[in-house]
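Here are some notes to read beside the model. Please keep the structure open and find each residue as it comes up.

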Amino acid sequence: QLKEEVKGASQLKDYGDFEKLVEQVNTLMDNITAAKEKGDDFNMREKVFGFAPTDYFILDKYVEELQPFYKLWNMVSDFHNSKKDWLDGEFKELEGNKIEESVTDWWKTSYKMAKALEDEHPDAAKVAMELREHTTEFRKNLPVVQSLASKALKTRHWEALSEMLGSELNPEEGLTLQGLLDLNAAAHIEDIQGITIAAEKEYGLEKALNSMIADWEVIEY
């Protein structure tokens, strides 16, 4: 039964149904793991009675065969679930560097997997390439995230950004990445980066000034 299910997992191809398929693949991996544990239990009992241990090596083979498809469908699921959180979650909670790291990893790995699978498992390779396309598209949003998810931006900077995009922006009141994209923030990225760079420099100067004030406060004139 496990043999047939592993074979079936290698032929899964409906990208749009990824939520159901990742659950199917994960359940199969759990079932193989449970079978391995049961095999270990049987071997322990065989040892107690002096019987030759039954070899369940085939289960390790099934894990190895399933692994690329397990990894692929979990990548698809992780990307789309994370994408939803990033687009609709509070913008002030986003961490640009971590988002870029995750998306870039999925972007690179999906391409490598597509190439590795294309000869023997063309359906899975197409799934990997579709993930590559989705991550490529999302990467276009990274400059907006990197520029605006900055602690250096203060009220005056958000006021300037609001004027630029023609809508009041307040990171403390329900601002989301999707909301920024709907305002076509990507088309103004150079001007946005100009404001952000200035804010970062101001932020650095303020930190240095505060540090000097703290140092001087304890010095006797």
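1. A nonpolar core is a set of buried Ala, Val, Leu, Ile, Met, Phe, Trp, Tyr and Cys residues joined through side-chain atoms within 4.5 Å. In this predicted model, the largest such core has 55 residues. Phe 138, Leu 148 and Leu 180 have the most contacts inside that core. Helix α3 gives the most to the core, with eleven residues.

2. Which residues does Leu 180 touch, leaving aside its neighbours within four places in sequence? Leu 180 is in contact with Phe 91, Val 144, Leu 148, Leu 165, Leu 169, Leu 175 and Ala 185. One of these, Leu 148, is also among the core residues with the most contacts.

3. The overall fold comes next. The protein chain has nine helices and zero strands, in the order α-α-α-α-α-α-α-α-α along the sequence. Its radius of gyration is 26 Å, whereas the globule rule gives 17 Å for 221 residues, so the chain is more spread out than a compact globule. The C-alpha trace spans about 85 × 50 × 30 Å along its principal axes.

4. Of the 221 residues, 35% count as buried. Among contacts between residues at least 6 apart in sequence, 76% join residues at least 24 apart.

5. Helix α9 covers residues 189-217. Its 29 residues should span 42 Å at 1.5 Å a residue, and the end C-alpha atoms are 41 Å apart, which agrees. Buried residues in α9 include Ile 189, Ile 192, Ile 195, Thr 196 and Ala 199. An α-helix has 3.6 residues a turn, so residues three or four places apart point the same way. The buried residues of α9 pack against α6 (142-148) and α7 (155-165).

6. How many aromatic pairs does a search of the whole structure find? There are six. Phe 42 and Tyr 56 form a tilted pair, 6.5 Å centre to centre with 45° between the planes. Phe 42 lies in helix α2 (residues 18-48) and Tyr 56 in the loop between α2 and α3, so the pair ties together parts that are 14 residues apart in sequence. Phe 42 is partly exposed, at 37%, and Tyr 56 is partly exposed as well, at 29%.

7. Phe 79 and Phe 138 have ring centres 6.2 Å apart and planes at 80°, so this pair is edge-to-face. Together with Trp 86 and Trp 106, Phe 79 and Phe 138 form one aromatic cluster.

8. Trp 107 has charged groups over its ring. The charged end of Arg 132 sits 3.9 Å from the ring centre, and the charged end of Arg 139 also sits over the ring, 3.9 Å from its centre.

9. Pro 122 lies in helix α5. At 42% relative accessibility, Pro 122 counts as partly exposed. Pro 122 and His 80 are 42 residues apart in sequence, and their C-alpha atoms are 22 Å apart in space.

Key
Residues are numbered from 1 along each chain as its sequence is written. This is a predicted model: local features need pLDDT of at least 70, side-chain atom pairs count only at pLDDT 80 or more; totals for chains, interfaces and linings use all residues. Side-chain values use heavy atoms; hydrogens and water are left out. Helices (H or I, at least four residues) and strands (E, at least two) are DSSP runs, numbered from the N terminus. Rings of Phe, Tyr and Trp (its six-membered ring) pair if their centres lie within 6.5 Å; planes under 30 degrees apart count as stacked, over 60 as edge-to-face and the rest as tilted. Buried means under 20% relative accessible area, exposed over 50%, partly exposed in between (1.4 Å probe, protein chains only). A charge sits over a ring if NZ of Lys or CZ of Arg is within 6 Å of the ring centre and within 35 degrees of the ring normal. Contact means heavy atoms within 4.5 Å. The expected span of a helix is 1.5 Å times one less than its number of residues. The radius of gyration is taken over C-alpha atoms; the globule rule is 2.2 Å times the number of residues to the power 0.38.
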